[in-house]
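This briefing is for a reader new to the structure.

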Amino acid sequence: MMTVYPACFYKEKDGNYSVIFPDLDHLATCGDSLENAVEMAIDCLAGYVHTAKAEKKSLPEPSDMSSIDINAEYNEYESAFVNIVAVDVEEYAKKHFEKSVKKTLTIPAWLNNLAEEKNINFSKTLQEALISKLNVG
């Protein structure tokens, strides 16, 4: 499920960008280019929402973009605009926040030997099988 919030993007006089989410306690990030600022905004939003959900904190409703006063957040910039930042937090977390865990398993020796002869990556094979079996990913 997509999470969307408006963000204020400010181009600084030095060419870098600052990004502020007014609805999320003025959560802020930055980037050295517009593309990098958008990537950082997505990461920042995903991290904030992921943490809030893990801590069972409620999130505010996103404001309508037209109701945001861009100068209320920051006033030392070369140019500025408001844009929606969207991210599927669950998918993003799977790729960026979730750590791998080590599992120990037992398989027959003959199967182990055959798999090793074929240079099978056990971790990758188990992940693929679990994803298929659970119908996820």
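Asn119 counts as exposed because its relative accessibility is 68% (exposed means over 50% relative accessible area, buried under 20%, partly exposed in between, with a 1.4 Å probe and protein chains only). The model is predicted, so local features need pLDDT of at least 70 and side-chain atom pairs count only at pLDDT 80 or more, while totals for chains, interfaces and linings use all residues. Residues are numbered from 1 along each chain as its sequence is written, and side-chain values use heavy atoms, leaving out hydrogens and water.

**Backbone angles**
- Asn119 lies in the loop between helix H4 (109-117) and helix H5 (122-134); helices (H or I, at least four residues) and strands (E, at least two) are DSSP runs numbered from the N terminus.
- The phi of Asn119 is positive, near 55 degrees, in a residue other than glycine.
- Most residues other than glycine have a negative phi.
- His26 also is not a glycine and has a positive phi of about 60 degrees.
- The loop between strand S2 (17-21) and strand S3 (27-31) holds His26, which is partly exposed at 48% relative accessibility.

**Salt bridges**
- The whole structure contains four salt bridges (a side-chain nitrogen of Lys or Arg within 4 Å of a carboxyl oxygen of Asp or Glu).
- One of them joins Lys11 and Glu78 at 3.9 Å, N to O; Lys11 is in strand S1 (residues 2-11) and Glu78 in the loop between helix H2 (70-73) and strand S4 (79-88), 67 residues apart.
- Glu91 pairs with Lys94 at 3.3 Å between the closest N and O atoms, and both lie in helix H3, three residues apart, about one turn of the helix.
- Glu128 and Lys124 meet at 4.0 Å, N to O; they are about one helical turn apart because four residues separate them in helix H5.

**Helix pair**
- The axes of H1 and helix H3 (residues 89-96) come within 10 Å and cross at roughly 100 degrees (axes are lines fitted to C-alpha atoms, for helices over the stretch in contact, with angles from 0 to 180 degrees between N-to-C directions).
- H1 is therefore roughly perpendicular to H3 (65 to 115 degrees; under 35 is roughly parallel, over 145 roughly antiparallel, the rest oblique).
- Residues in the contact include Ile42 and Ala46 of H1 and Tyr92 of H3 (contact means heavy atoms within 4.5 Å).

**Exposed helix residue**
- Glu35 is in helix H1 (residues 34-54) and counts as exposed at 60% relative accessibility.
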